[in-house]
Amino acid sequence: MGSVLSIGAVMAAELSGSEALSGTAATLSTLGAAASAIPLARLAQRLGRRAALTTGAFIAASGSLTVIGAAALGSFPLLLLAFALLGVGTAVNLQSRFAATDVASPEHRGRDLSLVVWFTTVGAVLGPNLIGPGEVVAETLGMPELTGPFLIAVGAQLAAAIVYLIALRPDPYLISRATPSDPKDDAPGMVRGRGALIFAIGSIAASHAVMVSVMSMTPVHLVNHGVTLTIVGLTISLHIAGMYALSPVFGWLSDRVGRVGTILIGQALFAVALVTVAFGEDDPVLVTIGLILLGLGWSASTVSGSALVADLVTGAARARIQGRTDLSMNLAGAFGGAASGLVLSMVGYSGLAWSAGLLVLLIVAGATTMRTARPLSA
């Protein structure tokens, strides 16, 4: 998935011939994740996490192969389909974090979820840096430019599918169904605090839109300022490191200081990140620092928001609500990716950052309302 984030916008701009369409890479990837969130959740409900995660990984592998075919044919529509298929890989990664909560104790739910997110760091940071090795692979095999990393991604996604299929035993979701954490839970499950649940899902979705909108346009912005693709890959990899590397810290904080408080920490990090990239748009170093802070803000908000969703839903309803959470998150990301290209072309990179700040204010207002109306210790 890191390969999509780092070079997807560049490929979309080249094949479409329009910078305004560069955001379609992130848009179609997030739409693919959104479209698959509910089906994967239902598959998990019926057959368990193992079946859902394995199926999604195989579909993502087919997306990587389709990218290569689209580049070889010079087909922009086929490239869009490829990004949509690759987006299923994002849905798999998102569902895997909820798998960590299936058998977690309530007091350690944030920590356990964040550990799964944290292990994503290795592959997520490595992905954008596959541009260099990928170019060697592409040149050796006579493949189209920029497609080498996607051939490497095919192997990675197939390996993930095999790990899910063989090693995810016993299935955590089936265990949670057989041994509910609360003996009062009925078979269909229940939702505790619908207002809090709406806030949790909304904060996850809006935070994802902030991150995707700025991140997806950063490669285009940097390339237009003469930055090499290798440096672009490094910038995105550092951003992704921010997204995942400190997730255990934010998981620990969400267990200790509260879910809503940690979401507010994430919004504070977002605010600093957006100010940094807005005023430092002409300096690649400041843009990189801003992207790292952007990743940290996303991590704090997403880890704590996801833990809050897991707190509020029990039993069989859990997978269904988690699927809706990921659907909302990815639809918001798709909107952010689609709008970001147009905003970039109209008001520039700094204008994009200020526009994303409006969503931050919205989340802060919602969190303030939640804490005033009903403090949440969970």
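The following numbered points comment on a predicted model of a single chain, from its overall fold to selected residues.

1. **Basis of the model.** Because the model is predicted, local features need pLDDT of at least 70 and side-chain atom pairs count only at pLDDT 80 or more, while totals for chains, interfaces and linings use all residues. Residues are numbered from 1 along each chain as its sequence is written, and side-chain values use heavy atoms, with hydrogens and water left out.

2. **Overall fold.** The chain has 14 helices and zero strands. Helices (H or I, at least four residues) and strands (E, at least two) are DSSP runs, numbered from the N terminus. The radius of gyration is 20 Å, close to the 21 Å that the globule rule gives for 378 residues, so the chain is as compact as a globular protein of that length. That radius is taken over C-alpha atoms, and the rule is 2.2 Å times the number of residues to the power 0.38. Along the principal axes, the C-alpha trace spans about 60 × 45 × 30 Å.

3. Of the 378 residues in the chain, 58% are buried; buried means under 20% relative accessible area, exposed over 50%, and partly exposed in between (1.4 Å probe, protein chains only). The chain exposes about 14700 Å², with carbon and sulfur atoms supplying 70% of that area. Accessible areas come from the Shrake-Rupley method with a 1.4 Å probe; for residues, only the protein chains shown count as cover. Among contacts (heavy atoms within 4.5 Å) with a separation of 6 or more, 83% are between residues 24 or more positions apart.

4. **Helix H13.** This helix covers residues 284-312, and its 29 residues should span 42 Å at 1.5 Å a residue; the end C-alpha atoms are 42 Å apart, which agrees. The expected span is 1.5 Å times one less than the number of residues. Since 24 of the 29 residues of H13 are buried, the helix is largely enclosed by the rest of the structure.

5. **Ser304.** Where in the fold does Ser304 lie? Ser304 is in helix H13 and, at 0% relative accessibility, counts as buried. Beyond its neighbours within four places in sequence, Ser304 is in contact with Ser254, Gly258, Arg259, Val260, Thr262 and Ile263.

6. **Aromatic pairs.** Rings of Phe, Tyr and Trp (its six-membered ring) pair if their centres lie within 6.5 Å; planes under 30 degrees apart count as stacked, over 60 as edge-to-face and the rest as tilted. By this rule there are three aromatic pairs. The rings of Trp118 and Phe119 have centres 4.8 Å apart and planes at 80 degrees, so this pair is edge-to-face. Trp118 is partly exposed at 35% relative accessible area, and Phe119 is exposed at 58%. Tyr244 and Trp298 also form an edge-to-face pair, with 5.7 Å centre to centre and 80 degrees between the planes. Tyr244 lies in helix H10 (residues 229-244) and Trp298 in helix H13, so the pair ties together parts that are 54 residues apart in sequence. Tyr244 is buried at 15% relative accessible area, and Trp298 is buried at 5%.

7. **Asp102.** This residue sits in the loop between helix H4 (76-99) and helix H5 (109-126). Asp102 is buried, with a relative accessible area of 6%. A polar contact of 2.8 Å joins its side chain to that of Arg49. Such a contact is a pair of N or O atoms within 3.5 Å; within protein, one must be able to donate a hydrogen and the other to accept it, and residues adjacent in sequence count only if both atoms are side-chain atoms. Apart from neighbours within four places in sequence, the residues in contact with Asp102 are Arg49, Pro172, Tyr173, Ser176 and Arg318.

8. **Glu19.** The loop between helix H1 (2-16) and helix H2 (24-47) holds Glu19, which is partly exposed at 36% relative accessibility. The C-alpha atoms of Glu19 and Leu342 are separated by 9.0 Å, although the two residues are 323 residues apart along the chain.

9. **Cis peptide bond.** Arg169 and Pro170 are joined by a cis peptide bond, with omega about -5 degrees. Pro170 lies in the loop between H7 and helix H8 (172-178).
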